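Morning, everyone. Let me put the model up, then I'll go through helix packing and cavities.

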Amino acid sequence: MNKKDSKIKKPYERPERELLKMDISKCTGCRSCEIACSFHHHKNFGLTNSSIKIFRDNKDGKIEYFFNDTCDLCENEKIPLCVTACSPEALCMKK
Amino acid sequence: MKGYTGKMLRIDLSANKISTAPSAPYNENFIGGRGVGASILFNHVSPEISPLDPKNLLIFGTGPLTGTAAPSSGRLSLVTKNVVSGGIAYSNGGGYFAPELKYAGYDHLIISGKAHNPVYLLINNGKVSIEDASFIWGKDVWETEDIIKNRFIDQDMQVLSIGPAGENLSKTACIMINKARALGFGGCGAVMGAKNLKAIVVKGEKPVEASDPDSFMEECQNSFKKMEKSIGTALLRQGGTIAKINPKFPLPVRNYQDGNWGEKALKVKENVFKKLYETKRSACFNCPLSCSHFYSIKDGKYAGLECEGVQINGVRGFGSNLDVADPAFILACNSLCNKLGLHIDEISATLCWAFECFEKKILTTKDTDGLELNWGNQDVALKLIEKIAYRNGFGDILAEGVSGAAKIVGRNSQKYAMSIKGTGINEGGIRIKRAWALGIATSTRGGGHLCGSPNSEGVKNITPEVGRARYGVPTAGNPVTYEGKAKLVVWFEKFKAVIDSLGVCYFTSYWQNNLLGPDDYAKLYSKLTGRTINKEQLFKIGEKILNIEKAYNTLSIGYNREDDYPPERFMNEPVKSGPFKGEYIDKNSWNKLLDEYYSLKGWDVKSGWQTDKCLEDLELLEVKRQLEKAGRLIKTDE
């Protein structure tokens with residue numbers, strides 16, 4: 001793997017999707033939102049096909065997050081699955 | 001079968017050869033992770049070889065639930081021949097590495113041989129290469145991860161590595177994941193060092209498929225809901241395992257000279273860490289517990305330290321047992337061990353032994369490179385940790401681990417080496433909680449409470465009714481009674497073997513006072529894989545795993561009943577103070593407990609070895625054959 005291949009392509013856009021709100025001070029970096037998102041889109045469990053992406057710095061725990069434009073706020077769900085899956089309640093819907 | 005990748009990756013470092021093999025036959029029989037690892041080790045690593053021989057294998061494993069939406073599904077198992085005990089070592093670590101390995105397409109990763117020069121392994125989906133590691137050899141664990149991530153400008157790859165301790169073949173060396181998660185037991189860092197393997201870097205993009213995705217997801221969500229209602233979840237969120245500490249909580253003091261730290265415990269409670277140093281709560285992969293935490297020390301002697309940790313073992317090992325009631329010092333020791341790649345249980349057992357030997361004048365400054373090992377001396381403790389990692393001076397002796405060092409020093413110092421099957425222990429309540437002690441003493445990896453020790457003794461909500469309903473043991477919550485405790489250990493050791501093989505964290509389960517029990521895991525497994533399994537079937541697999549591990553120990557070292565006793569100190573010196581003053585392990589009661597334990601296992605009571613009948617019932621005929629060949633199988637009379 002060379003640098004060019006492995007460099008993260010960042011299709012992710014900031015800030016959050018219009019109706020989703022993230023409080024990074026609460027985020028524990030567990031990536032449950034990514035897993036839930038993968039399930040929503042593809043009915044499987046992984047990290048690559050998610051609309052949300054979490055990066056955790058292993059030194060100080062600082063969190064970076066990105067949404068991409070595939071997020072549809074989980075059509076057909078009452079609440080987006082990432083919000084339901086977020087145990088520390090870092091992700092929520094804007095009121 | 002769904003839930004698995006169906007492949008294992010095999011790396012022969014001597015021949016620089018990379019290959020894959022189907023993993024299904026192993027997964028079907030032993031679930032995954034620890035179970036598959038034990039089976040591969042038994043079949044492919046001769047009990048006669050040295051653990052540092054290139055023929056030893058490092059068997060990393062995920063489980064079917066790893067990387068899925070099941071709670072805490074980020075666990076990685078490691079099985080190898082144990083550098084400390086000489087038998088089997090299994091370890092289990094969290095973080096984010098295991099799911100990534102699975103997404104890269106592999107259920108298991110098996111490493112054999114020895115590279116000619118230091119190397120690291122790069123797994124990028126299906127593309128695998130063995131790369132030169134000269135640029136990271138000699139670096140600590142934290143530097144190694146940073147250098148690798150910067151080299152690839154990729155923060156999304158997961159890194160597992162050894163530190164200087166593993167490179168220098170310290171028997172106290174572990175393997176670190178994501179800087180602060182450890183595969184600790186059995187000196188496995190030294191096995192990796194002996195293979196000239198510095199690190200494994202993985203990135204994967206293939207998701208895990210479920211047999212019935214909707215139904216599996218529903219079951220996962222139910223599990224999360226159950227955890228929200230659990231007492232254990234609330235406690236772990238409050239402060240990780242440190243939240244249990246209070247002046248009445250049994251803690252070892254000065255190398256177990258006492259079992260109660262009294263009011264000093266208040267100085268290292270979770271609220272103190274939180275108030276002074278905590279910056280953030282943190283969780284492993286897909287875990288709702290967030291039992292970990294990040295700390296930052298702004299002032300004082302350790303100003304500038306930023307780290308993740310610490311759990312109760314750190315507080316026991318570097319706090320009460322070294323008799324230092326300073327949370328900053330505990331963080332400093334814990335993070336130094338993480339950086340250098342040292343197993344904190346073995347390190348603390350070794351340090352505590354050395355400090356007591358100095359107190360008893362068995363060791364003097366002539367032995368210790370001029371260092372004065374007086375209780376409470378923080379600088380000396382930190383200096384020794386560093387010396388152990390680099391095998392520098394007196395550290396070269398300590399790097400053999402507590403029993404190895406005591407053997408070298410002699411002079412009656414063995415009396416103060418607190419170990420089981422050669423493995424240093426870092427435990428509280430061993431004189432008080434009978435099943436806790438029995439689980440440690442009979443653990444197949446040599447010591448440690450994460451094998452058969454239950455966490456129910458002394459816990460308020462484990463009433464006789466709860467104990468009976470969950471484990472068939474009404475006394476499960478009563479610490480000091482011996483009654484029912486063998487049965488309780490037999491239950492928990494099977495449960496743990498299953499959990500380690502499924503690829504999830506033990507903390508989500510009954511063990512840590514959470515509401516997920518074997519029926520819940522059976523449902524998760526069935527819905528994920530499409531293969532219906534029940535609690536009894538899972539437990540039978542658990543029992544098989546334990547019997548393979550036991551047999552490997554018997555074949556390697558000949559461990560028998562005599563090796564299932566706690567150190568003499570716990571039978572001769574009662575707790576000196578506190579609410580459990582006067583408690584100790586009564587030898588006669590222990591003998592009865594062992595008799596009961598072996599009987600429940602179907603093993604021979606006199607020798608503690610396995611019987612032909614037990615292995616036939618478990619359909620472990622090759623295990624039986626090997627033991628018979630070695631003359632270490634007990635024939636039962638029909």
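Start with two helices in chain B. Helix α11 (residues 327-340) of chain B packs against helix α13 (residues 378-390) of chain B at about 5°, with the axes 10 Å apart. Axes are lines fitted to C-alpha atoms over the stretch in contact, and angles run from 0 to 180 degrees between N-to-C directions. Helices are DSSP runs of H or I with at least four residues, strands are E runs of at least two, and both are numbered from the N terminus. So α11(B) and α13(B) are roughly parallel; the cut-offs are under 35 degrees for roughly parallel, over 145 for roughly antiparallel, 65 to 115 for roughly perpendicular, and oblique for the rest.

Some ground rules. This is a predicted model: local features need pLDDT of at least 70, side-chain atom pairs count only at pLDDT 80 or more, and totals for chains, interfaces and linings use all residues. Residues are numbered from 1 along each chain as its sequence is written, chains are lettered from A and ligands numbered from 1 in the order written, and side-chain values use heavy atoms, without hydrogens and water.

Who touches whom? On the α11(B) side, the residues include Phe329(B), Leu336(B) and Leu340(B); on the α13(B) side, they include Leu382(B), Ile385(B) and Tyr390(B). Contact means heavy atoms within 4.5 Å. Nonpolar is Ala, Val, Leu, Ile, Met, Phe, Trp, Tyr, Cys and Pro; charged is Asp, Glu, Lys and Arg; the others, Gly among them, are polar.

Next pair. Helix α19 (residues 518-529) of chain B and helix α20 (residues 535-556) of chain B cross at roughly 95°, and their axes come within 9 Å. That makes them roughly perpendicular. Pro518(B), Asp519(B), Tyr521(B) and Ala522(B) of α19(B) meet Lys535(B), Leu538(B) and Phe539(B) of α20(B). Five are nonpolar, none polar, two charged.

Now cavities. How many reach 30 Å³ or more? Nine. A cavity is a set of points on a 1 Å grid, over the protein atoms alone, where a 1.4 Å probe fits but cannot get out; lining residues have an atom within 4 Å of a point.

Of its 15 lining residues, Cys37(A), Ser51(A), Cys71(A), Cys74(A) and Cys82(A) are closest to the centre. The largest share, four residues, comes from α2(A).

Definitions and conventions: On a 1 Å grid over the protein atoms alone, a cavity is a set of points where a 1.4 Å probe fits but cannot get out, and a pocket is an open set with protein on both sides within 12 Å along at least five of seven lines; lining residues have an atom within 4 Å of a point. Grid points are joined across faces, edges and corners, and a volume is the space filled by probe spheres set on the points.
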